[in-house]
Amino acid sequence: MRVVVAEDSMILREGLVRLLTEAGFDVVGQAGDGTELLAQVDAHRPEVAIVDIRMPPTHTDEGLRAAKELRHRYPGLGVLVLSQYARPSYAFELLSEGTDGIGYLLKDRVSDLGELAESVRRVAGGGSVLDPSVVAQLVNRRRMGNDPVDELTEREFEVLGLMAEGRSNKAVADRLFITEHTVEKHVQNIFAKLQISATTDDHRRVLAVLTFLNSS
Amino acid sequence: MVRRSIVVAAASLTLGVGVAWVMFANEVRTASVLDVILVLVIGWSFIGAGLLAWHLKPGNSIGTAMIVTGVLRFLAALAQSQNLLLFAGGHALEVAYLAGVIFVVLAFPGGRLENSFHRWLFGLAIFAVGPLDVARLVFGGHDPQSCVGCPTTLVIEVMNAPGIVRALELALFGLGAVVAVSAFAVLLRRWRRASPRLRFAIAPVLWVGAASFVAVLLMVANHFLEEPTGDAPHVLLDVVTASVAFAFLAGLGRTRLARSAVADLVIELGNTPGPGELRAALARALRDPSLDIVYWLPDRDRFVDADGHPVALPDDDGERSVTIVQRDDHTIAALLHDPALREDQQLVESVCAAAGLAMENERLQAELRARLGELSASRTRIVEATQAERRRIERDLHDGSQQRLVSVAMTLGLADSRLASDPDGAQTFLREARAGLSEALEDLRELSSGIYPGILTERGLAAALDDLAARCHLPVGLVVSLPERLPDRVEIAAYFVVSEALTNVAKHAPASTVQVHVEQVDGQVVIEVRDDGPGGADPGGGSGLRGLRDRIEALGGRFVLVSSPGAGTVVEAEIPCA
């Protein structure tokens, strides 16, 4: 699978390239800022672009803007945004324009080779990836006080978190060592308790869950 | 001075009585009662006003001019005499006093004719009422019919030449008309240009003066009428002329009124004036609404307004005038006022004297406000500096240690994935990870000692400076003489003075050698960092230097940077230890 990496820190960019290569990806282009990234994607037409948020020249959210630009120009391209900090507001900004083929991960998460490979493949396949720590922040916010979230069982709560991370029923089942059928039942219960209209579409499900979590 | 006035007063009294007697006490009664009264009123009022002006404005020629005008008016009345000589003399001087009126009106209030045009006007007036009028009489211009009962011969008449007289009369009245119209125009222009303060002072004289010029014009016009209307224009001129002196007295009275305003001011200032009230009170007392007060701050070497904002003094030109106010030989303030006030220096001085204490008070408040302004600016800068510092630390962490640690995590990830299949490769990655960790630790160490040098707490300022000098890439001569440990805040401030100064030297004058002296003198730490570089550093510039200055001034200390081109740079700081 062909990927392009955008990261201004040389040491991290090399580390990423090494990891991706090790995981069997083909790094066809590297960029140090947003402009370069757009040029590399245009030249190599990769399946996934991996983008650091904070890049030159302003060192604020160039990566985020470049990612949104990429999604407009190349609808089928998977974009995985890496960040030093887990910021729900960034995640929402990114996912608000459609959750298919988009991911938001903390940088430390990539050191787990299996996790990195799975995330890249998921966004390449049109799925979504949301860093567990962002999900945790959203969920914890809901756990303060009187909230429908409190009615969830511990297991349902786990399932909700994994769903919010963008995982499919099968992935959730694998994670929790339960059957897909059980996951299905948990999901139905969760949707009923939270009063979210059920949907079988994984992508729309993520957005529905996130929207619920983010609403106050 | 007083004697001169008494002599003049006595003489003019005698002269007035004499003239009245000449006019009235003769057998034929050439003059009417109204004539006599007008002559006495004009003569005495001019002389009286002149004497008062002598007294109030010594050195101002208006007083003399008024006295001369009054005397001339008396002498003109001798034209009513039966005595041939007095009769002739009176006729010769009959309109001479008008030149005096013109001078008084044009020269009011300064006592000088401002420009050559005014001097020309005055010269023409003298020529007309003097030589020209006398020549007219010499050539037979006197009309014996004009006065019933007067002598029929005029001793100065040498021939009867009606042609010459006609020409001279034309010239005389033509000139009179020109001078009257021009003088009227001068007054009109002066009024339009005058500031409110000046208008107030000159209004009476200006308007009465203008009226007298109109009366002269009417008199001239009357002369050229087919059927002259008799004495009416003469009487009108006399009435208006009499008013000139009273108008002058009114002008003086207005100054007197202003004087009593000083008394009001004293009472007003007795109640402590609120902010801005002092200015309003002085503006009222001096009748100058445009008045401004600025206060002198000696330690800042500049003037500020009542709010403590710096003010530049205007040029003392035609637009604004500046009067420096002193108290006990020290400048405390300056008044920015209408130039017209310069005519009344005495009033300004008495107002300043009366308001001296209040101004000193206000000056202290302005000083306080200036200090508060600086303090709040410095506090804002300290807050901003703190925020900038935090941003820098976040940036350093993000770009330094965090990245290294993420990189280490990645390397460990690689090692992990190789562990089973390629143990040797995995070991290489592990070693790489360990090296990365050491670098990350080094980064953190560097960063944390930049935030707060640990050695300062552990071993004190001398050891910390020693450490700093050793790590500096410049040759540093360090002399520290501190008998005891200092309070934390003083140590850290002193440390950062030296650290920032060394950083600056390394940045701007990398080839220099540096001498650092730190000693305790009279309860203060005195720090001096001196380099032999090119100098020319901007004392106000650089956020680092300004931050240091704020920090030290916040501790009640003093920070000075001296850097002249070619003479190196010296940073001096004194921080109180208590």
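**View 1. Strand β1 beside strand β5 in chain B.** In this predicted model, strand β1 (residues 292-297) of chain B pairs with strand β5 (residues 330-337) of chain B, and the two run in the antiparallel sense over four bridges. Within this pairing, V294(B) has A334(B) in β5(B) as its bridge partner. As background for reading such views, strands of a sheet pair through backbone hydrogen bonds, either parallel or antiparallel.

**View 2. The hairpin of strands β4 and β5 in chain B.** Strand β4 (residues 321-327) of chain B is also paired with β5(B), here in the antiparallel sense over seven bridges, and T323(B) is found opposite L335(B) in β5(B). The two strands form a hairpin with two residues between them, and D328(B), which lies in the turn, has a positive phi of about 50 degrees.

**View 3. An open sheet of five strands in chain B.** The strands of this open sheet follow the order β6-β7-β8-β10-β9 (chain B), and their pairing is mixed. Because β6 (476-481) and β9 (558-563) of chain B stand at the edges and each has a single partner strand, one side of each is left without a neighbour in the sheet. Strands β7 (residues 514-521) and β8 (residues 524-531) of chain B run antiparallel and are joined by eight bridges, with E519(B) bridged to V526(B) in β8(B).

Key. Residues numbered from 1 in each chain as written. Chains lettered and ligands numbered in written order. Predicted model: local features only at pLDDT ≥ 70, side-chain atom pairs only at ≥ 80, totals over all residues. Pairing = 2+ DSSP bridges.
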